[in-house]
Structures are given as structure tokens and as C-alpha cells.
Amino acid sequence: MTVLQQEPAVSAETARSIGLNEEEFERLRTILGRDPNWTELGITSALWSEHCSYKSSKIYLREFPTEGPHVLQGPGENAGVVDVGHGWVAVFKMESHNHPSFIEPYQGSMTGVGGILRDIFTMGARPIAAMDALRFGEIDAPRMRTLIDGVVRGVGDYGNCFGVPTVGGETGFHRCYNGNILVNAFALGVARRDRIFHARASGAGNPVLYVGSRTGRDGIHGATMASESFDKESEQKRPTVQVGDPFTEKILLEACLEAMRTGAIVAIQDMGAAGLTSSTFEMAGRGGTGLRLDLDHVPLRQPGLTPYEMMLSESQERMVLVARKGREEELEKVFRRWGLEVANIGEITDTGRAVLVWHGETAADIPIGPLTAEAPVYQRPVAEPSDLAARWRAPEVPQPEDLRGTLERLLATPDFASKAWITSQYDHTVRTNTVQGPGGDAAVVLLKGTPSGLAMTCDVNPVYCSLDPRRGGAQAVAEAVRNLACVGADPVGLTDCLNFGNPERPEISWQFREAVRGISEACLALGVPVISGNVSFYNETEGTSIYPTPAIAAVGVIASLSGLPEAAFQRAGDRIVLLGEDRSEFGGSAYLRLLYDLEQGRPPVVDLAAEARLADLLRSLVAKGYLRTAHDLSDGGFLIALAEACLGRRLGARVEVPLVGADLFSESQGRAIVACSPAALDRVLREAEELGVAAREIGEVGGEALEVRTAGERFVAPIAALHEVWSTALPRALGL
Amino acid sequence: MKAGVVVFPGSNCDHDVYHVLKHVLGQDATFLWHQDDSLQGCELVVLPGGFAYGDYLRAGALAALSPVMGAVKRHAEAGGLVLGICNGFQVLLEAALIPGAMRRNQNLRFLCRDVHLSTERADLPFTWKLRQGEVLRLPIAHGEGNYEDSPARLDALEANGQVVFRYCTPEGARADGDPQWNPNGAARGIAGVCNLGGNVLGMMPHPERASEAILGNSDGLALLASAVEAGSRSLLRAGAAR
């Protein structure tokens, strides 16, 4: 008996055990016109997993606006591409690696970063910036300190060794992530406009080359694992977590970029989720070709892997490419020079079928089109939660007894504390492009050789999203655009990481539909297309789902980097202006959540027209060089934003505001603090009036304290004291 | 004069140094491949930062055995200029071109931040554009920068004037035991060390990352400019007489 004949018998039951339901199993039998064998079943289970097929999200994702004047490539490729001027394009995407990171935080986050970097250089772009959006549970929750430490080390070790600066990101803490943390990795690369590569196979007879690490038994069924919820057995899924090797990835980057310059590459794709299966099937599927794979030639880490294991392994740092026939040697020479293994593992055919040969037997023979293009699409039942009216009831807002004490208590929470403990573990200056690194509203990197820069930011407020996913989705986009505007950047596109619970629960599908609507509405109103993204469902443990967390990473272009403001106050004597209006809004606010453990009320109104006016104003003021400081108001409201502006360079301020008591922490949207020289003040106020943005001069930068006067109160907080609280809170909470 | 930047597998600051040499300083520069044993006539050789061979065995250990390092050693012995930055410093230590060894940072974590350095030797080919005692603010980004040697050898290092840069306070005061200023716990706050001849310098901070005003800091430019001009003027043994 051959090895293949000894494989498990295929039935609806074995199909279910690897993630295919009965209906899907029948669909596969219909496509094949016979029973699948074990390898074919495994391949289909991976391709039709939620992670690879987007089967529950597809119908909603179609709503996203994906076109814009700068967009060269929208969703559907390894990453999106936008034109950023001067003959350059930016290639970017964000992806989740939540499940692996919860099971094994160090390797999980490493391979999350590795996967997104490969997506970028697969397109021919050199990664020049990375961000990470992390959501942890309460620091005192079981395993949480280990998870935080492992994730931060993993993100750092991978990016640091690879040589990409981690310039920004977001870290949040909430008990809804106690059993399911989120690790979302973003990467951005640049390439010349005419040098973009695609993962679209063509040319029957062209050889299929395999490059990079050997294939082992790690990560088998990772994609399927990422499409399930967690339970008590999840610990046993550790072998489904891949192992990262940033050194090999760095070599792979250099070798691939060099190989691309030969002109001998037709198509190229990295092996990410579902490894050899998704990479080869997707390339052939996009190109409408067939392929023959000779599995005896796949480089193996140990002997004895079966076709099933080879096709489903998620060993990292591997690429597959289609070469122009006759030019294999040129490519092999490049890869060998970099010390990488290359293997010719098959060829492109015109049959439309994937034929896998192993030990002289046919291990699989399946039509590619039906398996990729005709993957199942579900319209899951949707149900609005029954307690929405109760959730939206306006909360009672207690007044703070002591403003300075309240501010200090907030600054001491992990949410508002300085994240320097995290960001100092990430190399954020390698590649000598970093104009503004972590800690500002948006990170800014040079577009080398041009006067321009690229800005990027990462935003979402999960508490808003849990109370009102539609408003929360819109708010995330609005905040991202506002952050970009604070550095004068015009948004050119965004990528999203939509982290949700189990879509088979009607309330989760409702959350998803609403969030996508909110995001779409904001994208349309603010003129930002969605160019790439990722959906992560089944983020739940023991039946408890995370809050809907549609992380938004937006990218903008700054035409000229001269006179760029910072989020911090820079010079004593500068005049401070508050832009936008307060409506005393506390639904889902940090003030109520962190101080009174209350998550109640509808999140703040997102007035998209007002957001657009504010962003226009900020961009115009920055472009004219009027501003030395621009910092948006978001969670925590006015007083937190003001304190943050002081803490950056430890510079005090004296302000007088018409806000009273708790309203200093109200989270009305569409607001920002700016500071300018006294000479520029009139021009700033005049321009705000012209553009229809409420503007009020509230005070002046300077001194060693933050001094705030309101209608009935006054408090003074020395910056040194605030800085001590703010900068030591996170390491202290972590017990370091 | 020609400057060469060595490319080991895993070097990731090679482009950065090359960029500053070539585009900021207008210097003729080239990349040197780790498997070649020729320096193509370069007068100044830079071993850049990064993670050569992933630093998987010990930082710099495998790179020190590369064919190109044979040529670098011959160049150094002949009085040629060699600058090792960060991982390049670690390679120089492993190649025994500079005494001492690196341990992991005291807090066992990778650290990326700005540090202050006091210039202990302003008479070297790498530092002659600086003033004795001048304080520089430069970025670091490393996990293993905790310089160490035996007390007797450290004494000898100091007596020979081989300590080129020391971590210090913004005002230039020594703060060897204070992690706020000496970020990695390096013995005696040592951040940069040269060989006896003064023509080989290893340093943990990255001057190339602080060489352009648009990046908010150009404190590192004078160092690289010193090396480039020294290479051009054959000031190769400027510090050797000391």
C-alpha cells in the first residue's frame, strides 16, 4: 500500500474535523464529480476557511469605496497600491495575527510582522515603515503580562532584525481582550510606479520556482485554526503556530528585489496562510491558468512529509514565483548568491486544473477556478441586539472633585500612560527616513529624494464600536483622517483589520455589517478609499466575544515637509487655539470607563462634514507653515490632549477655557489643539472662520506647569509631576 | 578616495551609511560584498549596523569569519580606516580588531532611543572635526551594547586613550551607573572604542541616523565627515602618535 492509500478515509465527518461543514463538503464533491481524497480535502478546507475565503464578510466588504484618484491597486492583491507622486507608489496593508499570538505570543507576533512584510515586498516594494495595533486585556488578567512581553518582543525582534522602522501604532487595554488579544501588523513599502509586481500566473510552460526556507510541519492548518473560536483545548494548538526567522526574511527581501530587476519573473507570491496551497492556487486563479506541482522537489526540513502536510504547512519565509521559461538560471543565480535555496517545483499549464504529483502518483487533481472564485459566500443571519436602547440611554456624568487629581489618575492608566516602554523596544529610526516616530498623532517618513513625506496612523475606539458599531466605524476613519491632517497630510487610502467575534452569531454579523457601513460612509465623505485589508473573525473565548475592533490604518501624503508641526508644544510664547466645538458627550468615554467603570450611552456624534472642514483647515494651516503644534482631541477629551501636548517636550501651558468640570474630558469629535507664533495667530483664526471651523484662542505655551482656568475652577499641575505619573505608569503596572 | 560599505547577509544599515556618504557628503562610495576578499581600493571601510547572520550564534561572530574580514584586517593593519557601527562594532570585537566584548543590554531588552555621548578623543581620523569633550546626541538601536572587559584590560584601554565615546548626561557629566544616561550598562559608560593605532573605531550609536536636518538631528555628520576627509587627506595615523 502506498502512503497515499493509507491516509484517513474521507467522509463528511473527517471533513468537519478539519473545518468544512456538510454543505461545503457536498459542494466540493459536486465540483470534483467524485469524492475528494485526503489531500484535496485539506486543500479545500484551507482555501474555504474564513481566513482565506472571506466567506462571511464578502457581501459586506463590497460596500467599501475602493477607488480614488491615487489608487492603482485596490483590494484583491497581496497589498494595495497608491500613487504618492514623483513617480513613486506606496504599497500597504494591515493584517491580524490574533489567534497565534494568544497561543504563543512571541512567535505569533513575529510571524504576524513577517507575513505583512512579505505581502509588501512580494509586490516589488521595499518596506520602509511598520506600525502595530495591539489590544491587550487587563494587565492583571491571567497570562497577560506574559502575553504583553511576548508580543512586544516578537514585534520588535522581527522588525528590528529585518530592518524596517516601527514608526507608530496603537496599544489599548480592555477586559474584553482578556481571553483573546489582538495583534494587527501594518507595513508600508515604496516602489517606482512602473515596477510593481503582481501575483497573476501566466504562460503555459513557465516554471514554478520555490524560494526560501524549507517546508516543515509547523503551522499546519493555521488558517483553519484562525477561523475557529478558542476553548480549553486551544493550548493544544501550539503546533499550528508558525516560527519566524527575520534573518531569512531580510535575505529573501534583498534577493527578491534583486531578482525582480532581472525581468525574468512573471508572477510572485509569498506563502502566508495556507502556505503552498493558497500561494499557488491564488496565482493560478487570478491568471486563469492551471498548474502542475512536482511535490518531490519541494525542499523539506525533514523527510517524510506527505502531500497533505506540504500543501498545508505554514512554514515561514517562503516565496513561490513563476519565471519566464528559459530564464530560471538567472534567477537561481541571484537567490543562491544570497544563500537561499531555490527549487523548480512545477510549471504553469493551460488546463485550469491543479495537478499535484508525488512519488509517481497523482496526489490531487482539482479545478482551480471553482475552488478559488466560487468559494462559498454566506449571508449569515443578522440581528440587532435587543438592549440597544438601554445601552444608548444617556449616562449620568459625575463631576470630578479635583481636576488635577482626575487628570493624574487618567494619565496613570495603561490607556493614557506613555507607551515609551513599548516603542523604545522597536527600532524606529533605521532606514533614516523617520521624521516623526511614535508618540505623535501620525508618524511621518521621508519619501527619499523628494520634498514629500508619507504620514500614517492607526485608530479605532473599541468601546465606541461595542456601543454603536456604525458610529464607531465612522469615528475610526474620521480620527485617522484628523490625525493625518495634524501633520498636514492628504489621505490617499486606508487599510483595515476588522477584528470581530463569531460571525455565526447574529449579533456579531450585525456588528460587522454596521461597522462596515460606518467605515464606508466616512470613507466616502472624507474621500479615502479602502485599498486593502483583512478580516479576523472568531475572536472569542469560551463563548465571550471581543468588542468589535475595526482597526483603521490610513496613509497620507505631505507635499512638502518643511515647517511640519508636532503633537507637542515646542516653544514658550506660542498661542494655543482650540478648534471645533464641545457638545458634552460622554457615551463610551474614557472618563466614565476608567474612573467609574461605566460604559454607557451612545458614542459621540461623528459629523463628517465638520470633520472634512477641520481636516481641510489643518492641512491648509500646516501647508502655510503657521503651526508649530497640532494635536487632535480624541479619547480623554480636551484636558488629556492638552496634557499630552505639554508632556512631549515637558513644556507647560496656561489656558482659560469655557468648559466646566467633567466637560474637560468630554469626547466630542472634530476637535484639535493647535499652537502658533503670536504673529500667526490672526491668520489662523481668520482662516478657521473662513472655512467654518469654530476657533478660540485659549492661552499660551510656557512655564513649568499646566495651568487651567475654567468658569469656576483653576488648577496648576507641575509638568514634572505629570510627567512622572505618565512616564512610569506602564512599567509600574507591568511590575517592572 | 573611495569609501566602502560592507554588506553581510543581514546588514540593514548598509543603505543608510551609503546614503549619507554618497548623497549627503558627496563621497564616492561602494558596497563591498561579504564573500569578496578585496576592498576594491577603498580607503575608508564601514561595517554597518544590522543583524549579520541574524546574530543567531553571537552578535558578529559569524560575520567576523567572512572572506571580506580578511581584507578588512589587512587594511586595518596597514593603517587603513575602519569604522564599525552597532553590529559593525560587534563584528570588530569578534574579529579582535578592537579589545573587549558585548553583553546583552542590562535590562535584557532591545533599546531604541537617543543617547548623549561625550567625545573623549577629538584627535582621531574619525573625530578631528569634533571638540574634546563635545557632547553629541545620537540614536542607539541595539539589544547587545553592554561593553565589557576585565578591570585590568579596561584600565589599559583608558590608559592607552582607546575610549573614544562615553555615554553621559546632556551636560557631558559621567553617569556610568545611571540607566537614564548609560542605556545598556556598558562598563565605564563606554560607547565607542578604537584600536591602539586609532584607525579602527567601533561605536554603538548610529551617526548615520543623525546626519540630516530634516530628520531633526545632524550631530552625527561631523563624525562621518571627519572620516571621509581623513581618508582623502591620508591623515590615517593622526591619532597613532598619542
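Tutor: We can go through a sheet, the helices beside it, some single residues and the contact between the chains. This is a predicted model, in which local features need pLDDT of at least 70 and side-chain atom pairs count only at pLDDT 80 or more, while totals for chains, interfaces and linings use all residues. Residues are numbered from 1 along each chain as its sequence is written, and chains are lettered from A and ligands numbered from 1 in the order in which they are written.

Student: OK, what is the order of the six strands in the open sheet of chain A?

Tutor: The order is β14-β15-β16-β21-β17-β18, with mixed pairing. Strands here are DSSP runs of E with at least two residues, helices are runs of H or I with at least four, and both are numbered from the N terminus. Two strands count as paired if DSSP finds at least two bridges between them.

Student: And which strands are at the edges?

Tutor: Those are β14 (434-436) and β18 (530-536) of chain A, each of which pairs on one side only. On average, neighbouring strands of this sheet are turned by 20° against each other, with direction ignored; such angles run from 0 to 180 degrees between N-to-C directions, and the axes are lines fitted to C-alpha atoms, for helices over the stretch in contact.

Student: How do β14(A) and β15(A) run, parallel or antiparallel?

Tutor: They run antiparallel and are joined by two bridges, and Val445(A) in β15(A) is the bridge partner of Thr434(A). The two strands form a hairpin with six residues between them, and in its turn Gly439(A) has a positive phi of about 110°.

Student: What about β15(A) and β16(A), how many bridges do they have?

Tutor: They have four bridges, in the antiparallel sense, and Ala443(A) is partnered by Met456(A) in β16(A). This hairpin also has six residues between the strands, and Gly449(A) in it takes a positive phi near 85°. Further along the sheet, β16 (453-459) and β21 (549-558) of chain A pair antiparallel over seven bridges, with Asp459(A) standing opposite Ile552(A).

Student: Which way do the residues of β15(A) point?

Tutor: Ala443(A) and Val445(A) point one way while Val444(A) and Leu446(A) point the other way, and all are buried. Buried means that 20 or more other C-beta atoms, placed from the backbone, lie within 10 Å of the residue's own, whereas 12 or fewer is exposed and anything in between is partly exposed. In a regular strand the side chains alternate between the two faces of the sheet.

Student: Now the helices: where does α19(A) lie?

Tutor: α19(A) lies across β16, β17 (490-499) and β21 of chain A, and runs at about 25° to β21(A). α20(A) packs on the sheet too, touching β17, β18 and β21 of chain A, and its direction makes about 175° with that of β17(A). Touching is a matter of contact, which means C-beta atoms, placed from the backbone, within 7 Å.

Student: How many residues of α19(A) are buried?

Tutor: The helix is mostly covered, with 18 of its 18 residues buried. Just after α19(A), Gly488(A) takes a positive phi of about 80°.

Student: How do α19(A) and α20(A) cross?

Tutor: Their axes come within 6 Å and cross at roughly 35°. The residues of this contact divide into 12 nonpolar, four polar and five charged, where Ala, Val, Leu, Ile, Met, Phe, Trp, Tyr, Cys and Pro count as nonpolar, Asp, Glu, Lys and Arg as charged, and the others, Gly among them, as polar.

Student: Changing topic, where is Glu317(A)?

Tutor: Glu317(A) lies in the loop between α12 (307-312) and β10 (318-323) of chain A, and has a positive phi of about 60° although it is not a glycine. Glu317(A) counts as buried because 27 other C-beta atoms lie within 10 Å.

Student: And what does chain B give to the contact with chain A?

Tutor: The contact takes 22 residues from chain B and 22 residues from chain A. On the chain B side, α1 (14-24), β6 (111-119) and β7 (135-142) are the elements that give two or more residues, and β6(B) gives the most, with three residues. By class, that side has 12 nonpolar, five polar and five charged residues.

Methods
Two residues are in contact if their C-beta atoms, placed from the backbone, lie within 7 Å.
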